[in-house]
Amino acid sequence: MPVIADEANEITLENLWNTPEGHRVLSCMQCGMCAGTCPYGDVMEYPPRRIIGMLKAGELDAVLRSQSLLSCVTCYACMNKCPRGIRLTEVLLPLVKEQTFMQLTELPAELQKALENTDRYGNPLGESPRKRADWVKTSKVPVRILPADRKPTDVLWFVECYTAYHPRGQDNCRATARLFHALGVDFAILGHEEKCAGECARLAGETGLYEKLTDYTMKLFGKYRFRRLVTSGAHAYDTFIHQYKPRGLSQEVDHTVTFFARHLDQLKPKLKKKLSYTVTYHDPCALSRHNGLYEEPRQLLAAIPGVRLVEMEHHRENSICCGGGGGGMWLDTYYKMKGYERLSERRIKEALATGADVLAVACPYEVSRFEDALKTVGGDKKMIVRDVVELLAESLEE
Amino acid sequence: MTSPLWILAETWRGQITETTLELLALGREVADQLRVPLEAVLFADKSLATSLGVADHVLCAAGVEPTPEAVAAALAQLVKERQPQAVLVPWTNLSMDAGALAAAKLNAPFVNGSKDLKADAGRLVAQCLVYGGKLEAAVAATVTPVLFGVLPGTRSADAGRSEKTPAITEVAVAVPETKVKFQRFLEPETGDVDITQQDVLVAVGRGIQQQDNLELAEGLAKLLGGAVCGSRPVIDQGWLPLSRQVGKSGMSVKPKLYLMLGVSGAPEHIEGMKNAQLIVAINTDAAAPIFNVAHYGINADLFEVVPVLTEKLQAAKGG
Amino acid sequence: MNLLVLLKMVPDIVEELEVAPDGKSLDTSFLRTIINERDDHALEQALLLKERHGGTVTVLALDAPDIDDTLFAALAKGADRAVKITDAPEGMTTQTAARLCSQVIAGLPPADLILTGVQALDDLDGLSAAVIAQQLGFPYIGVVTAVTVNGSTATVLKEFAGGVRGEFAVTLPAVLGVQAAEKPPRYVPVAKVRAAMKSSKIETVPAPAEVAAAQIEVRQLAKPVVSSHAEMLEGSPEEIADKLVQLLAQRGLL
């Protein structure tokens, strides 16, 4: 069951001790499960355990100045394991990340660029907003763009930035459109009016930018009539559930994976082409650990004829983050300078160890991160990376 | 108008610059179109005036400090005295401020960044690159005298050379004490690669996105036996040292191969590499100005192409 | 020290630029503007000087679409005062705008150093900093990439070709045309800009009545006329790479 973090939005570092969550934090028994499970736990100067210790001792400033929280990829692993149920990644860590961010005198260059681009162009890649729906021209099926055709729609498909602009993301778009079409879904996109949902900016500590984006998107949603919001972005899904709903988003929210899983009875007969792949699935933090969506993607993959599923050593709740969250998508150079191993490389080695041909993913960041990692570790002849929707569309009858 | 056309000659470390010769070539063409004399203004020792033979006449004044203040004051004074119809000023770091300041003193227009100039019904019309080279404006002045900032590369320097010796007049300029004093030059750090001597250069621009990705360029450069260089934004970020900068404020290079990754092609960069023998550009923006300069263009994502290219080069080299 | 920074907005070239039907100006329907990059560096340099020497930074700009956001961002970064010149006429050139700004500057508290970008990508006539210097009777130098201040003298580095820099001593007060600040322009969190919008005000000053006439005319604005265009290599990354390797082999570059 997803936890709706409405209480979280009211908590600050100042009032923390007066809240139920603050009491939970105080109950920390310093067991170290958080540091032990953190993918960067061996290099993080202040893992959650130490942050709580410093906070209690009134020495949070030292934590903020250390920039330790720039290494937090907000993967929900620590929160998932905490025996006290402290909502680390939902409450404490974003608060500390925000303060770390605010008092940084210099931002790592790519992170600065990504945030400036998101603010200015509505996407971290710095592409013109007017080109956000250019991929539609290459779609094999019709895609309705709301600003041009404002009739109500059943499904509002929130495409997200990497999906819309990145060449591999556009593969995902075309696949998703075909699947919607095959199921006879009434869907439409926001086109150039769509801006980043902003969750990664929020989790990097840029809460002001996030507020600005949320205000904009809530107003935008108010302009159109739709019954269900379906997004290709795992972080977008996460934020729509946990941040937008408390702010008044009343429509149902789906990720493409949950949407297609719900329509599996209708979809399965259309998956006619046999794909003889051995597939291993990477559980994305935002969907799986934070929202409990372990079965749905696996059901979809199992429904594809010819697909054989194998699991990596760390899977489901124990899945290792690709390193893209919490600003990590734009901190590769920063991490490299600090001598950290790239999480995507660590993970891809696990994937290769399964002997699978295909690494299936469900978050737009993961495609480019894992394809890069495959090249770096020299595994790109042995394995390909595909989004779950790409595999479904590949199996779809013409 | 019968008043002469002038060019402002510039010297760098005791030599007449290539751009000066290019301006002479352009000036000669335009002066002939207008049927007026071409004169050069030289703030240096008159021994240097002999190489300005493409001009009919050289006005020479020594002892002008090499600061924009002093050059502007001297130039403005001469223009006021002798009333040329136009002055071509090199649009270089060396001369653009002096030109701008002189224009301000004269209350004259100073047309920026001209890549060509011609006479049209007795008026001079310049083709200027604007908006980073994405558009071009045809600009004329509504008054005279007018100053034109002329980009390097409008004509060949050879066309500005002549065996002839021009008539030389030494003129006196009274330059007041200025509040800007030249102290010394700071040379770029050596001990690094001299990119002007490389046969192959792999250039990176903003499109490389992260310092990390320089590896891609370095891999290519190594395979091709060359070095990595960059456009201004990459240097400004500190990802490459100044000694690797190509362009207006950096080096001018003429390698056999100039392979460009994610460089848009703003005029300031083009200046430094347009004479490369083979220019190949990779850029995701089909409208990037670089595709008007490159010999071969690839409208694709460098992050897709470079890894494959690297592999194939390795294979081709028998790796 | 009293530092004054002059900012302006220029067309954002990330967007496609179209020419208006008159064939001489930019189509403004989808035009977005952004702070002139060199002015952003000038602001950063001013903020660095304030951090080193104390004093105040005033930012000055002509009214334009989206200028308020830029001015509030400057305040959020650490500028002390933002002044906007209102009701200036349309169609000023760089020189006529600079002359107008100089009149306004003369009415502000005297600055020790005036910084602005050495050039902007929409400049057609002149360079602002030079005009302002001449109008105010201050010394000027451009293409500046470093500034240190010692009492009443500034030592600046000016960039030449080949990575060579020249060191110049400039007597204050002076005008500097900045090419690059010593560090890239700093980031300012959106929350700080929003806070500045609530807590600070942009002062306004009416433009002087008399404005110099433009001395240039644009006869045509168009996509560059090119005698050649690159031969494009098409296909998948594999196909492109093959073609390129072949080309290089042919040219003896392998």
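The model is predicted.

The size of an interface is often given as the accessible area lost when the parts come together. Between chain B and chain C, about 7,300 Å² is buried. Carbon and sulfur atoms give 60% of that area. In chain B, the residues that lose the most area to chain C are B:Tyr131, B:Leu135 and B:Tyr296. Together they account for 10% of what that side buries. The contact involves 86 residues from chain B and 80 residues from chain C.

Polar interactions also cross this interface. Eight salt bridges are counted between chain B and chain C. One of them joins B:Arg232 to C:Glu159, with the closest N and O atoms 3.1 Å apart. Polar contact is found for 34 residue pairs, both residues being at pLDDT 80 or more. On the side of chain B that touches chain C, 48 residues are nonpolar, 15 polar and 23 charged.

Strand pairing links the two chains as well. Strand 9 of chain B (residues 135-141) pairs with strand 12 of chain C (residues 216-222). The sense is antiparallel, over six bridges. Within this pairing, B:Ala137 has C:Leu221 as its bridge partner.

Chain A holds an open sheet of five strands in the order 1-3-2-4-5, with parallel pairing. Its edge strands are strand 1 (144-145) and strand 5 (252-255). Strand 2 (residues 153-158) and strand 4 (residues 226-231) of chain A run parallel, joined by five bridges. A:Trp157 has its bridge partner, A:Val230, in strand 4. Helix 9 of chain A (residues 167-182) packs on the sheet. This helix touches strand 2, strand 3 (187-189) and strand 4. Its direction makes about 165 degrees with that of strand 2.

Methods
Residues are numbered from 1 along each chain as its sequence is written. Chains are lettered from A and ligands numbered from 1 in the order in which they are written. This is a predicted model: local features need pLDDT of at least 70, side-chain atom pairs count only at pLDDT 80 or more; totals for chains, interfaces and linings use all residues. Side-chain values use heavy atoms; hydrogens and water are left out. Contact means heavy atoms within 4.5 Å. Buried area is the accessible area (1.4 Å probe) that two parts lose on being put together, summed over both. A salt bridge is a side-chain nitrogen of Lys or Arg within 4 Å of a carboxyl oxygen of Asp or Glu. A polar contact is a pair of N or O atoms within 3.5 Å; within protein, one must be able to donate a hydrogen and the other to accept it, and residues adjacent in sequence count only if both atoms are side-chain atoms. Ala, Val, Leu, Ile, Met, Phe, Trp, Tyr, Cys and Pro count as nonpolar, Asp, Glu, Lys and Arg as charged, and the others, Gly among them, as polar. Two strands pair if DSSP finds at least two bridges between them. Helices (H or I, at least four residues) and strands (E, at least two) are DSSP runs, numbered from the N terminus. Axes are lines fitted to C-alpha atoms, for helices over the stretch in contact, and angles run from 0 to 180 degrees between N-to-C directions.
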